[in-house]
2 protein chains.
Amino acid sequence: MEPSRAERRAARRQQRSEIPLAKLPFQELRNPFPPLEILPPEGIEKIHNASLDLLETTGICVMDEEALSLFEKAEARVDHQSQMVWLDRGWLMETVAQAPASFTWRARNPERNVRIGGNNIALAANGGMAYASNLDVGRRRGTLEDYEAFLKLGQMCNVIHINAGELVAIQDVPSSARHLRRLLANFLYTDKAVLEAAHGRIIPQDCLEMAKIVFGDLSGDPIFGGVINVSSPLRYDGRMAGGLISYARAGQVAIVTPFISAGAMGPITVAGALTQQNAEALTGIALTQIVNPGVPVIYGNFTTPTDMKSGAPAFGTPEAAWATLVSAQLARRYNLPFRGSGSLNNSKVPDAQAAWESHWSLWPVMFAHTNFVLHSVGWLEGGLTASYEKWIIDAENLAMFFHFFKGFEISDETLALDMIAEVGPGGHHFGTSHTQARYATEFYQTTLADRLGYETWAAAGSWDTAKRAHAIWKDLLAQYEPPPLDPIFKEALIEFVEKREKELEGKNLYD
Amino acid sequence: MEPSRAERRAARRQQRSEIPLAKLPFQELRNPFPPLEILPPEGIEKIHNASLDLLETTGICVMDEEALSLFEKAEARVDHQSQMVWLDRGWLMETVAQAPASFTWRARNPERNVRIGGNNIALAANGGMAYASNLDVGRRRGTLEDYEAFLKLGQMCNVIHINAGELVAIQDVPSSARHLRRLLANFLYTDKAVLEAAHGRIIPQDCLEMAKIVFGDLSGDPIFGGVINVSSPLRYDGRMAGGLISYARAGQVAIVTPFISAGAMGPITVAGALTQQNAEALTGIALTQIVNPGVPVIYGNFTTPTDMKSGAPAFGTPEAAWATLVSAQLARRYNLPFRGSGSLNNSKVPDAQAAWESHWSLWPVMFAHTNFVLHSVGWLEGGLTASYEKWIIDAENLAMFFHFFKGFEISDETLALDMIAEVGPGGHHFGTSHTQARYATEFYQTTLADRLGYETWAAAGSWDTAKRAHAIWKDLLAQYEPPPLDPIFKEALIEFVEKREKELEGKNLYD
């Protein structure tokens with residue numbers, strides 16, 4: 001007799017329970033220690049003041065007529081011909097001060113709402129990659145199948161708070177339809193909070209239309225966040241300005257992030273690059289508050305050195321660690337939530353370099369009290385490639401931080417003086433009642449680390465980390481089950497997507 | 001015409017200057033930020049008090065008659081039959097308080113003396129491995145050739161402050177002669193401070209005899225440090241007690257380190273394991289002060305969870321991170337220098353797991369203000385194997401911390417307002433005078449990270465990190481030059497070693 005549907009579900013649940021990463025309950029990640037402040041307050045004030053000087057004297061270019069008009073109405077000095085804006089420091093500080101220090105990002109399952117701010121660290125999945133890679137097929141252009149697979153992994157592993165975003169470019173779908181296919185997949189495959197592209201004016205509008213189907217009323221806490229990348233140095237293009245205005249007007253979250261490869265898109269000195277970053281970020285943040293005073297907004301950092309040999313941005317470096325930590329200090333100075341990045345690296349394969357560079361991103365991000373961590377999983381190759389194996393490696397390391405920040409209990413029970421006395425000198429604690437009562441739960445349970453003896457490991461095929469990670473993501477995907485969604489919503493979403501695909505066919509979404 | 005010796009040397013120097021790791025000048029590593037204290041003072045007091053209760057009521061076993069007599073003379077309660085010692089808390093605190101908070105560890109080249117204490121972080125090479133591995137020959141028993149190769153790498157790369165120690169077991173030399181061959185190699189191949197085995201009474205004596213040849217007068221600051229591992233739980237064996245007494249008496253440094261795999265050699269709870277560790281460490285530290293009040297001594301930590309599936313100690317875990325950070329807090333409470341470990345991991349190969357577990361050791365060690373970091377380079381497989389490729393990977397990551405802790409300058413020059421204004425919106429900073437003046441020196445120079453474009457990388461053979469590290473250690477060894485040593489000393493050392501080898505042939509060094 002065939003197993004029933006319920007039996008198959010129970011079997012899948014049992015299998016999944018053998019993968020610790022899939023067992024972690026959905027929960028907040030908080031850094032209970034004070035943030036690491038590597039600059040004294042005077043240093044922060046110098047960067048702050050220099051960036052305000054820059055906005056008063058040099059100004060910044062905003063290549064969008066609506067944005068220029070908005071700045072003009074807010075009494076900023078604007079030159080429409082050069083598209084330059086100059087911002088008065090007093091006005092700027094008053095305007096930025098209207099943004100909230102923290103807010104709730106809504107998920108379609110309210111139990112998965114995410115708090116952004118304070119010492120809360122919200123982890124978001126990978127974003128913006130062109131290629132996908134895994135040990136089966138190597139590196140190739142991203143597809144919708146890849147996108148959905150990464151969504152499913154993010155749904156199954158609760159190290160991810162905020163799923164979706166442009167997990168990988170879906171290059172097998174026409175560019176005018178990609179946001180629709182992403183959004184449809186987001187609502188079908190995950191019930192967590194989602195990121196979407198805040199690019200131009202059409203994509204945000206479609207986001208909101210589709211969210212209305214699922215959420216009903218869109219007023220109140222935001223549902224979408226999107227990254228607004230400044231076209232550094234000192235320039236917002238129309239696509240980004242349009243996205244920022246659209247999101248802000250609709251009460252959604254702009255994550256304003258200058259991308260500065262120091263020595264290329266900004267000064268080579270970290271002090272100079274951060275000055276430029278701060279001026280650029282504050283401009284976008286101020287614009288959100290002109291559009292919609294009090295709307296949530298996030299101060300973003302993506303400043304990293306340029307590798308002077310290849311000309312490429314160098315990720316996971318000491319300079320990038322400084323930039324992350326100081327940017328968080330700046331964001332705190334303005335009482336704004338802060339965005340950093342989790343698993344940045346330049347490696348082509350999920351090897352030692354991929355892991356060490358990711359750690360050079362991750363520890364600073366954690367110690368900075370980064371409220372929104374993009375690219376927490378899966379990054380390779382300077383962000384060009386989303387790797388399935390790297391996804392699992394990163395998820396394992398994020399899970400370790402959940403455990404680390406919880407700390408350990410100190411009580412008569414855990415100090416265990418009686419047990420130490422009972423075992424005595426030269427004895428063994430393996431079989432004690434104290435150990436037996438705790439052996440399954442006391443320590444962090446690894447999914448991916450190998451601790452076998454050498455001979456056992458060799459006999460099992462001498463698998464390195466990448467091979468083990470490969471087996472794990474395959475197991476996870478085999479066990480995936482979609483979260484419940486009312487079939488009426490599903491139908492309505494599909495209908496909307498089909499209609500809009502036709503309407504948008506061949507269109508440039510950013511005109 | 002053949003190149004002259006001077007020309008060959010100049011050529012080697014030029015080659016070496018192309019490997020950034022070999023260019024780093026010898027310098028101190030300091031963490032300028034406050035140490036990360038994960039327990040509040042009350043938590044530290046609870047562990048402190050519990051460990052003193054343990055030493056007053058349960059006691060500790062010391063399997064060495066001289067040690068027992070020394071404790072007895074110091075008015076501790078001793079039972080010679082059971083070899084148990086009980087220590088009064090008031091006496092213990094007074095005795096431990098005699099040890100210095102910091103000291104200088106002398107090298108045979110005084111420019112390479114190392115300061116131990118405060119926020120200084122001294123990095124020591126790998127230690128205690130049975131196997132050596134590299135991509136040429138795989139994993140096999142350690143040899144004298146391996147030992148010398150690791151010494152040479154440590155001499156060439158100034159991320160290593162303290163070279164030598166049992167870098168790898170030299171299994172092609174009879175065990176009665178190994179310390180002699182190590183010591184000879186130490187004085188021939190490195191002029192940095194050295195670690196040696198403080199095991200039993202014969203090895204320390206030979207250390208001192210050989211040091212006399214090179215240093216002359218041995219009074220004053222110590223020349224040797226050695227790790228004293230407690231045979232946890234609650235037991236010092238004769239070999240370790242003998243080594244500790246010999247080193248302390250001669251003014252050398254005992255690094256008193258309980259090795260507790262929590263759940264096996266101590267309670268499974270971190271609070272319990274640290275209580276036991278603290279009792280064990282304080283006992284050895286007190287013994288050094290009985291023998292020689294004021295002699296330098298280091299409080300050591302090597303507490304880590306037991307993997308409940310394999311029974312092996314699990315390295316690079318969140319629990320080990322807690323243990324490191326709290327142990328440093330305990331050491332600071334007693335005003336003692338602190339020892340931790342740098343690159344611990346369970347991986348069999350220098351892959352992602354090896355790197356991430358090493359980072360889970362390294363960041364806590366750095367943020368704990370660890371004054372003496374053993375196993376900073378080369379660890380694999382829970383310490384069974386010293387890997388040449390992992391050595392380079394670890395050295396790269398240590399070098400990044402030298403850069404990170406230096407921080408960056410904030411001045412009108414580095415804030416670069418004029419330059420940002422001159423480049424303007426949408427411009428490029430690559431060719432500016434500001435960038436050109438700094439491009440070779442502003443950023444950390446990587447030895448090992450790959451930042452090539454994918455196609456270039458693929459065309460060059462798709463080398464992963466391990467393959468690149470393999471090429472680098474071979475280049476380094478090819479360029480090695482021994483530090484100057486007076487030929488008279490060299491002859492005397494060789495004569496001593498030959499004489500002692502014969503005397504010790506077939507002897508057990510720990511009787």
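In which hand, left or right, does α8(B) cross α19(B)? The crossing in which α8(B) passes α19(B) is right-handed. The model is predicted.

**Helix pair α8 and α19**
- Helix α8 of chain B spans residues 202-215 and helix α19 of chain B spans residues 487-504; their axes come within 9 Å and cross at roughly 160°.
- Because angles over 145 degrees count as roughly antiparallel, α8(B) is roughly antiparallel to α19(B).
- On the α8(B) side, the contact is made by Ile202(B), Asp206(B), Glu209(B), Met210(B), Ile213(B) and Val214(B).
- Their counterparts in α19(B) are Phe489(B), Ala492(B), Leu493(B), Phe496(B), Val497(B), Arg500(B) and Leu504(B).
- Sorted by class, the contact of α8(B) with α19(B) holds 10 nonpolar residues, three charged and no polar ones.

**Sheet in chain B**
- Four strands of chain B form an open sheet in the order β2-β3-β1-β12, and the pairing is mixed.
- Strands β2 (77-79) and β12 (235-236) of chain B stand at the edges with a single partner strand each, so one side of each has no neighbour in the sheet.
- Strands β1 (residues 60-62) and β3 (residues 84-86) of chain B run antiparallel and are joined by two bridges.
- Cys61(B) stands opposite Met84(B), which belongs to β3(B).

**Arg5 of chain B**
- Arg5(B) is part of helix α1 of chain B, residues 5-16.
- With a relative accessible area of 61%, Arg5(B) is exposed.
- From Arg5(B) to Gly300(B) the separation is 295 residues in sequence and 46 Å in space, C-alpha to C-alpha.

Terms used:
Residues are numbered from 1 along each chain as its sequence is written. Chains are lettered from A and ligands numbered from 1 in the order in which they are written. This is a predicted model: local features need pLDDT of at least 70, side-chain atom pairs count only at pLDDT 80 or more; totals for chains, interfaces and linings use all residues. Side-chain values use heavy atoms; hydrogens and water are left out. Two strands pair if DSSP finds at least two bridges between them. Axes are lines fitted to C-alpha atoms, for helices over the stretch in contact, and angles run from 0 to 180 degrees between N-to-C directions. Angles under 35 degrees count as roughly parallel, over 145 as roughly antiparallel, 65 to 115 as roughly perpendicular and the rest as oblique. A crossing is left-handed if the near helix is turned anticlockwise from the far one by less than a right angle, and right-handed if clockwise. Contact means heavy atoms within 4.5 Å. Ala, Val, Leu, Ile, Met, Phe, Trp, Tyr, Cys and Pro count as nonpolar, Asp, Glu, Lys and Arg as charged, and the others, Gly among them, as polar. Buried means under 20% relative accessible area, exposed over 50%, partly exposed in between (1.4 Å probe, protein chains only).
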